[in-house]
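Please read it alongside the sequence and the coordinates.

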Amino acid sequence: MKRTTIRAAAATSVAALILAGCGAGGRDGDSGDGGGGGDAAAEGDTTGITDTTIKIGDHKPLTGVAAPGYSEISTGAQAYYDWVNEAGGIHGRTIEYNVKDDGYNPTNTSKVVDELVLKDEVFAIVGGLGTPTHSAVVDFLNQEEVPDLMVSSGAQLWGNDPEKRPWTFGWQPDYEIEGKIMGQYIKENMPDAKVGLFLQGDELGADGEKGLRMYIDDQIVESVEYASGNTDVGPQISKLKASGADLVIGFNTPSYTALSQLVSMKLGYDPQWMYTNVGSDVNLVGSLLAKFSDGSVKDGSSALDGMMTTEYIPGLDTPDDPWVKLWQEVWDKHGEGELTNYRIFGMSQAYAFVSALQASGEDLTRERIVEVIEKDGANWPGPGLAPFRWSEESHLGMSGMAMSQTKGEDYENLTEVLVTDLGDAEITEGDTAAAEDAPPENGIPDVAVVE
Amino acid sequence: MQLINTILGGLSLGMVYAAFALALVLIWQSTRIVNFAQAPMAMVTTFIALTLIESGMNYWVAFVAALVAGFVLGALVERLIIRYVDHDNHINPVILTLGLFIVLHAVAAVIFGSNFQSFPAPFGLTGFSVGDTTFNLTPTSVFTILIVIAVMALLRLLFLKTDLGLTMRAAAFNQEVARILGVRVNRTLTLGWALASVVGSLSGLLIAAGGLVHPSYMDGVVVYGFVAAVLGGLDSPAGAVVGGLLMGVTLSLVSGYLGSGLVPLAALIVLVVVLLVRPGGLFSTSTERTV
Amino acid sequence: MSALLSSPILRRTLLALVLFVVSVFAIDLLSGFRQGQVASIAYLAIAAGGLTVLTGINGQLSLGHGAFMAVGAYTTALLLGRWENMPLLLLLLISIVVTMAVGAAVGVAAARLHGPYIAGATLALAIAVPALAIHFKDTLGGEPGLRVPTRDVPPLADDALFFLTGTDTGTMQWLATVSVACLIVTFLLLRNLSESRVGRRWRAVRDDPVAAQLAGIDLGRSRVLCFVVSTATAGLAGSLMAMITRIAAPSGFNLVLSLTLLMAVVLGGLGTLTGALIGAVLLSLLPTFVTNFGSGMGLSDLQAAELAPLVLGLTTMAVVLLAPAGLVGSLLRWRQQARLSRS
């Protein structure tokens, strides 16, 4: 018995010492010291930066239920970074982009971001995707004082409290303002519609609902929720049908757009559909649907005809838009496969990040990039149809969008670009400057360095 | 109306669980092992079918191909892997099939990708309507119900009326005696696994019809199918069917009226209650353990 | 001194203390990321230890230990959500007790089942518990789960560790040290239990229930006790996991967790604590190692990520077929045979 105990002890000690050996050399700056990240001295934190490179990290669902569509975003971003690197980088630094798979699973996101921040020591996390997933790491990133930029999600918590989360910035319009804009459109154009809600069981659904209820609370007859990962939405759609809703608004991910369409077909339910922009890409959902019934649903996009949604950046339906032309050029040079709206999403985000790098100048530090976005970010040109709301008081992303409707494979705008903010802010027509700007010749942002 | 639709949904789902449970029972009867890897095996054959369909083949050709693949896969698994496990320890076979579960998952993800892909349905997906009301019964679900019944009838015929069936039953009942009487036990075991795997593949195809497939899509069925098999009694094919239907309808009702989050708990409660009252399952005939 | 060393329990306790001190120093030397890895290994090993005792020594197969980890994790998350500065010891104790209560309920039902039936019931449990968290989303956070706030290192501990190591203590270092301490204590207790009369009864129940009952052992009570002990370890592991990963979400306790826990235990060697530790180390470190290997070999990111479970599954199958006693078990057996053939 004594031998075995000693053997166990030896095994443990050896294991411990091996691990110690792996990490020997003392602690580095950010080894989880409760507060500040490393040398928060006068110069600022330059983790992840060298004179010639910038290392950034990202977490995306490359596998799992949210992967259709979303897994392509990082390929777009990578293509744009390749384009920028080919032109020499920004202020002499090339961008190294590390994306890790979290499978839309918050526990994995936690692990993966730990790796990126503590092991790979990235400069910033750019484009972290998912409301449930990024919620799991936002506090950690702020604690470790890591810039958390261009979060790929419309939850408002990325930007509505810069005091609590000073390092986090949203990018796309948030779900609440989307709900508001949708709500106003419905109130003005479909005041007699009986509205049903199909919501993901987290902020994606909740924020959208909040915005909608500000305008059409009296028109909503039923609201159902689903949990991402459980692909049986039969009971939810049955409930919607039973309530008599003739307009259903979905705040969900693309797989669930396909599922809701499918189940409705089964139940013979055919309301007017409206989906959030994060779940409404016609090509993707169409291809998912097309295969379901060997013949019945021939071309999936026809099932989606007449679907309403919102738009905030130009996509493949406007191939002559100067931004889309740029994306096509970038993709032809550095991408594999076809250009899709998700890849455009990735490129548009990357463009905003590169603008921030430009504006920070050569003295790039973590503090500086945050400062620069707050001071000047709202003025930067970009593909967005409405300007960013970035400032010291708000870290929220784009301020507006236009309502649109699918006609075949194209989208048709139903309204102008409408702009608003959280809460009681009114909805106004946007100033067209943001919608009508065009990229510089070489496709690389031309933003002045901020003082 | 919602009640009727929920029950109808439960019936077609229950049929799929019944098929899966049947596969489990067949394997249990022949080798006294619960094949936890049955679900990923079915998932792999379904993906094979999907690959064929995407390259242009007719649905039915792919359907049959999947069943044949199931037959081959079942035979291979038994012949190359299961045969060598140490049966005395009742834990080893479970771990073995669990290991296979994980391996097949990973292999499928590597070969077929982890993406959620749609799988076509053989018949329409619109529910039958009488006047204004639409029932939650589509041509595909009718097909599901009919084909499972047909398969069960065929199996019953095989086991009770043919020599082959007799041989298989003998080998399952007592290997040693069967061997002495000239039964090629090893071959029979392989055949048992192969047949069970065909039934499992069938359930995989039926579940996939008109839905999304991905490497984990059958995982839920493992649990509910297993519970169904145990409910009916692991020794009873008829029990598997009854158990499957019971599970399908019960879980559908729970999902519709109480919430989908409570479904696995409901399954657990049903299982525990039945086992505490009748430890061998509803239709058990074997003597119960007394300790 | 020799009197001290002659009592196995005292011997082990002394060893445990030595190990603890060594670990404190070793952990201090590591980088933040490695400290996190050590902490992960520690809590996995705690859960694996309980499982190996339950399945290896008492013969009850549990495919659902992930569910018990979830109970511990959610209890911790809920408590910290309400009382952010609850003393650590109290926090862990409450989490353990709550899990034990659930374990007792399940254990009573499980004691009547055997073989495939208990496998099926625990399988259902493995998916039922996370689903409950989704259903009761208002209290339990639903799919996104509950965030677990990071606590500061208690000043007393900070001082004590500074005394030993001469450096400040980071949060992750603190968690790693706590986890290793819990691991050592758990293994000490499990070891003592399994070598005691209680442990012998557990083995008797596993090997021959009829004979055991004839000998006067209450089967039900024995099984339930072992089950409760193993769920206590799972609860502790879950509680630590919540604090280390800073989240308690249903997706963290999926079926794969329960299954890989069981596989780790089998790989190491059913019934041996060393095996449980080795299994936990493999489970934590092998995936990253294999994935990097795969990427190095030119596989795509996705393929490399799938390589890890593939290797794990294949190894488990190989072990079950060729060396059913697991790594440690086979080593022990081989050594025993060598000794016999020598004598």
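A crossing is called left-handed if the near helix is turned anticlockwise from the far one by less than a right angle, and right-handed if it is turned clockwise. The model is a predicted one, in which local features need pLDDT of at least 70 and side-chain atom pairs count only at pLDDT 80 or more, while totals for chains, interfaces and linings use all residues. Side-chain values use heavy atoms, with hydrogens and water left out, residues are numbered from 1 along each chain as its sequence is written, and chains are lettered from A and ligands numbered from 1 in the order in which they are written.

**Helix packing in chain C**

- Helices are DSSP runs of H or I with at least four residues, numbered from the N terminus, and their axes are lines fitted to C-alpha atoms over the stretch in contact, with angles running from 0 to 180 degrees between N-to-C directions.
- The axes of helix α10 (residues 197-207) of chain C and helix α12 (residues 219-245) of chain C come within 10 Å and cross at roughly 115°, which makes α10(C) roughly perpendicular to α12(C), a class that covers 65 to 115 degrees, whereas angles under 35 count as roughly parallel, over 145 as roughly antiparallel and the rest as oblique.
- The crossing of α10(C) past α12(C) is left-handed, and the contact (heavy atoms within 4.5 Å) involves Val198(C), Arg201(C), Trp202(C) and Val205(C) on α10(C), with Leu219(C), Arg223(C) and Val229(C) among the residues of α12(C).
- Seven nonpolar, one polar and two charged residues make up this contact of α10(C) with α12(C), where Ala, Val, Leu, Ile, Met, Phe, Trp, Tyr, Cys and Pro count as nonpolar, Asp, Glu, Lys and Arg as charged, and the others, Gly among them, as polar.
- Helix α3 (residues 32-57) of chain C packs against helix α13 (residues 255-268) of chain C at an angle of about 70°, with the axes 9 Å apart, so α3(C) is roughly perpendicular to α13(C).
- On the α13(C) side this contact is made by Leu261(C), Leu262(C) and Val265(C), and on the α3(C) side by residues including Leu44(C) and Thr55(C); by class it has seven nonpolar, two polar and no charged residues.

**Helix packing in chain B**

- Helix α9 (residues 219-232) of chain B and helix α10 (residues 237-257) of chain B have axes 7 Å apart and pack at about 125°, and they are therefore oblique to each other.
- Their crossing is right-handed, and the residues in contact include Tyr224(B) and Gly232(B) of α9(B) and Gly239(B), Gly243(B) and Gly244(B) of α10(B).

**Interfaces between chains**

- Chain C contributes 45 residues and chain B 44 residues to their contact, which buries about 3,900 Å², 83% of it on carbon and sulfur atoms; buried area is the accessible area (1.4 Å probe) that two parts lose on being put together, summed over both.
- Tyr117(C), Met317(C) and Leu321(C) supply 16% of the area that chain C buries against chain B, more than any other three residues.
- Between chain A and chain B, 26 residues of chain A are in contact with 24 residues of chain B, and the area buried is about 2,000 Å², with 57% from carbon and sulfur atoms.

**Salt bridges**

- Glu176(A) and Lys210(A) form a salt bridge whose closest N and O atoms are 3.3 Å apart, linking helix α6 (residues 175-189) of chain A to helix α7 (residues 203-216) of chain A across 34 residues.

Definitions and conventions: Helices (H or I, at least four residues) and strands (E, at least two) are DSSP runs, numbered from the N terminus. A salt bridge is a side-chain nitrogen of Lys or Arg within 4 Å of a carboxyl oxygen of Asp or Glu.
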